[in-house]
Amino acid sequence: MLRLPTFQLHEPASLKEACALFAEHGAAAKILAGGTDLLPNLKHEIYDVDHVISLAKLPGITGFEMQGHDLVIGALTPLAQVATNPNIQKHAPALAQAASLVAGPQHRQMGTLGGNVMLDTRCQWINQSYFWREALGFCLKKDGTVCHVVEGGKKCVAAASNDTAPALMTLGASLTFVSATGTREIPIEDLWVADGINNKSARPGEILTEIRLPLRDHTHHGAYGKLRERGSIDFPLLGCAVRIDLDDADCVRDAAVSLVALQARPLLIKGVDALLQGLKLGSTELDQAIEAVAQLAHKKCKPLDNIPGDKDYRRRMVPVYVRRTLRAALDGTGPVHHI
Amino acid sequence: MAARDQHGSGAPWGAEFKVVGQPHRKIDGLAKATGSAVYTDDIQLPGMLHAKTLRSPHAHANIVSIDVTKALELEGVHAIITGTDLPINYGVIPWTPDEHALANGKVRFIGDEVAAVAAIDEDTANAALKLIKVEYEVLEAFFDPREALAKTEPAIHEQKPLKDGSSRGNVSKHVKLEFGDVDAALASSDVVVEHDYSFHGTTHAAIEPHCAVGQYSADGLLTVHSSTQITHYVQRALARVLELPEAKVRVIQPFLGGAFGGKSDPFSLEFCVAKLAMITGRPVKMLWTREEVFYAHRGRHPMQLTYRTGANKDGKLTATDAKILIDGGSYSSFGLVTTYYSGQLLTGPVDIPTYRFDSTRVFTNKPPCGPKRGHGSVQPRFAFEIQLDEIAEKLNLDPIELRRRNWQGEQTKTVNGQRITSNGFMQCLDLVEQQSDWKARYGKLPDGRGLGVAGSMYISGTNYPIYPNDMPQAGIQLQVDRSGRVTVFTGGNDIGQGSSSMCAYIVSEELGVDLGDIRVIAADTDLCPVDLGAYSSRVTFMVGNATIDACRKLRKQICTAVAEKWEVEVAAVRLGGGLALCLSDAQKTIPVREAFQWAEARFDTLGSTGSYNTPTLGGDYRGGTIGASPAYSFTAHAAEVTVDRETGRITCEKVWCAHDCGRALNPTLVKGQIEGSVYMGAAEVTMEDHGINRFGLHSGPSLLDYRIPTSLDTPDIEALIVESIDPEGPYGAKEAGEGPLHSVIPAIANAVYDAVGIRLRHLPFTPGKVLAALEEKEAGQPAGTAS
């Protein structure tokens, strides 16, 4: 099998110690949570790191906690727990469904919610062995100067491929980063940068510790839809999260749609709420508006030949998955997944 | 064929089988389930070095120079070898020895082996690889077989010119055979269907990667443990390349984690560990990464197929005309055989009265293709069985009925001269028809859901022994111990299909020994008599017959000794259930152990050998023996699919597979083979794609990107056994390991037509192709023109 490169493994026993180590080594270090993303990438020699800081021995950044009107999830909480937690299923069904479809069962036991948020971008030209990438002549993201997705492209377009990201975006999640110099809380939307080399604004030295969701009541409806080839294991060829909140008269109060596996950052579709607001559940108008949302998403989403899978087909599936996922949210039948 | 090769199909002791036909555990099942089974990579030897391979980053290039100086200076590096250290060529087919363990001045695909390093550990070996400097002169590379065919330069291989002096260009093998007057038959047919089809490349993806461990003793004995399915051919190839007498080369196949044809060539790593062990005097192991396994490939050949098939109004076929372009990748491997098989194995179970095929295999700068489960005949079967569906539609006949009307029958001969013995195809059709509720549902399911049928046949070994010789194709040796234990020595390679277990079942049946008292030592060339290996679905048929042969010789001695003691007729002695019994006197009963002791006292140390060789078979023309088998298996599949018109996704919901295996020696294992075949075949329809991208790079050499199905992606499979009891098979048995793969693919294609009315002729059936075909149909264009 592929070998890991040589690095120094640190296993700090406290968050403070972890932050200090990260501050000391900065870009020469990577954080190890579940390892399901980091270890294959290390084996593919995508990172030049000398230090790996494991969070395995840190106390207290796993689990779920109600804090006032918020539900706080520790960043190290395994995806399997996120998928099956009754509070998440109730208050954030899109997140539970997205977590339930990440990779395969073993990955979800190891992989963490924080790790999925911080997942590196993916591309068919980068997630390969060093030998393969060298034979290719490398690419923009690492070791090279050419983009193989966009001819003449100067900006890396490796795709955000984290299933939970769009779900968290529709849910208005915020993220807490801790570093040696303090704590910073940001709306998840502010995390993303349109750069496949590093699509996150988090700075070296910052460790994601908490994911905070505003609690929602029974009028909240959400779902996640995932296009992929197999019934398990595969990263999304397209991921779609939706939120529809109703008022007491069963009319749409607010709504959001977010997609992933397109380009470097997950995309929150603007204008969805305006199309759906005020429309009554079961009405023809709502049906028509859902179709309009699907078409809006189709217009905004332009998948590239970054991840495997025909980009034209992936684009064609955008309205299908948006429509099906909106329907599933209202019907309570999510996730939208072929199996 | 000698008398030893046929034993009748009945039970050895009267009417009933005691062991055969019953479900039994595999003899190695517990060892594998508990993790105690030792696979090649589990082998750790004192002082063992680890080796790694440097591979070509170019698809086609001459090697100008290789500088290993820096790499050799790295601490922990023990030896580095390049092509000049292993200059002798080889190939599994002796007529096409176009491979070298390490590139001999030229590389032919990205991943071709260039150098090998032995070091104290894998990391050191990997670090050394990066220090080897290779200068290449890059040549134009061919990734499209049509282009490779059209252009003769630069030739991927230097080849002798044809007899008329013209260049072979990049043609690896060309076979054109015609049986009867095809053109006349087509011209007078009531209907003719003609279409292009294509089959993409797929690979085996056995879970165990290739691994080999080499040892070279002070007295000059080379031992190689290897994850191979052809121990004997590896021994021969090692001797040739390393210039050692064959008697000094020992090859052992430890437990094996799947092969499917992907381990039936000699591979670079076997020669490299041997050579490195000879140089360093230390054991050397090489374990390939998953990526390297994708480069080793030898998987299913991509084929572009043009088929014309004619029929008359009564549903009788008149002719089939096939033209096939085969993408061979960079080396010959079994390609000579593949080219013949692409035509020779189509002539059953339906009778084709006149038949022509024109197959051309070309070299391209891609990982070499070879034999994958259903070698060479899965692709033509795909095209042909869709043609039958189209003919049935044109003639307004049920597709099962069409196949019945054209069934070739038993004890007959195909148009290309292959002898057919037993043939249970009609029962296969009956079973899938009943079990799928075909009559009530075919053509009547709601839109988006459909049923399809297809049939096929396959060989149970062939009489083509790869290298010409008059010796048996399978040998067995039995050793009998006073303790009551019998040890079977077989050259047969158990690659998970259960061949060692099969030997034990036969010994238990014949000698009455409990299964727990039978040991099987397999695939060790120092210990076991030669068997040619686990390929062509030959092992049960040939090794099974050899085992019966050996048992019958021993049985004669044992029964004679017991009869003499008891003073009864030899015919009155029975062995069974761990006992020796007397038919004429119920008081006379002893443990079989005691019978062995009496026999040893009477005849001296007990043991026997057994062998099998095929009868003379095949058509009387060049290539007529390739594909000639002592018995053919037959299969029918019915598949049920759903098609999502909006996403284009095809879901295979259920497959009924009825397979005529002659006799099921262990029905559990036969069903396992049927299920595994259906799983593998169905995956080739919608998922697996051994694609090479525009740079000549494998598009995703990992188990993440090469999508083998998970349990969630696998259809419900109903495995149905048909027993035609072949007159020459061991107890009537035929193969079950490869046949049940073939027709699942066209059955799914035909089911898609029943579901949504589109003819998909170009694999893989991606959702995008489905949507395009649906749109064409909506637009009123002829269905199935999408590619």
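Before you click anything, one working rule: two residues are in contact if their C-beta atoms, placed from the backbone, lie within 7 Å. Helices (H or I, at least four residues) and strands (E, at least two) are DSSP runs, numbered from the N terminus.

This is a predicted model, in which local features need pLDDT of at least 70 and side-chain atom pairs count only at pLDDT 80 or more, while totals for chains, interfaces and linings use all residues. Residues are numbered from 1 along each chain as its sequence is written, with chains lettered from A and ligands numbered from 1 in the order in which they are written.

**Stop 1: two helices in chain B**

Select helix 17 (residues 667-686) of chain B together with helix 19 (744-756) of chain B. Their axes come within 8 Å and cross at roughly 50° (axes are lines fitted to C-alpha atoms, for helices over the stretch in contact, and angles run from 0 to 180 degrees between N-to-C directions). That makes helix 17 of chain B oblique to helix 19 of chain B; angles under 35 degrees count as roughly parallel, over 145 as roughly antiparallel, 65 to 115 as roughly perpendicular and the rest as oblique.

Which residues meet here, between helix 17 and helix 19 of chain B? Show B:V678, B:G681, B:A682, B:E684 and B:V685 on helix 17, then B:V744, B:I745 and B:I748 on helix 19. By class, this contact has six nonpolar, one polar and one charged residues (Ala, Val, Leu, Ile, Met, Phe, Trp, Tyr, Cys and Pro count as nonpolar, Asp, Glu, Lys and Arg as charged, and the others, Gly among them, as polar).

**Stop 2**

Most residues other than glycine have a negative phi, and most peptide bonds are trans. A cis peptide bond joins B:L763 and B:P764, with omega about -10°. Another cis bond links B:G348 and B:P349, with omega about 0°; look for B:P349 in the loop between helix 9 (335-344) and strand 15 (354-362) of chain B.

Next, pick B:A523, in the loop between strand 21 (518-522) and helix 15 (539-566) of chain B. Its phi is positive, near 55°. Is B:A523 buried or exposed? B:A523 is buried, with 30 other C-beta atoms within 10 Å. B:I725 also has a positive phi, near 50°, and sits in the loop between strand 28 (716-722) and helix 18 (739-742) of chain B. B:I725 counts as partly exposed, because it has 16 C-beta neighbours inside 10 Å (buried is 20 or more other C-beta atoms within 10 Å, exposed is 12 or fewer, partly exposed is in between, with C-beta atoms placed from the backbone).

**Stop 3: a sheet in chain A**

Over in chain A, four strands form an open antiparallel sheet in the order 9-10-11-12 (two strands pair if DSSP finds at least two bridges between them). Strand 9 (220-227) and strand 12 (267-268) of chain A stand at the edges with a single partner each, so one side of each has no neighbour in the sheet. Eight bridges join strand 10 (residues 238-246) to strand 11 (residues 252-260) of chain A, and A:I244 stands opposite A:A255 in strand 11. Helix 12 of chain A packs on this sheet, touching strand 9, strand 10 and strand 11.

**Stop 4: where the chains meet**

Finally, display both chains: the contact takes 23 residues from chain A and 24 residues from chain B. Helix 8 (130-136) and helix 12 (311-331) of chain A each supply at least two residues of chain A's side. The largest share of that side, five residues, comes from helix 8 of chain A. Chain A's side divides into twelve nonpolar, five polar and six charged residues.
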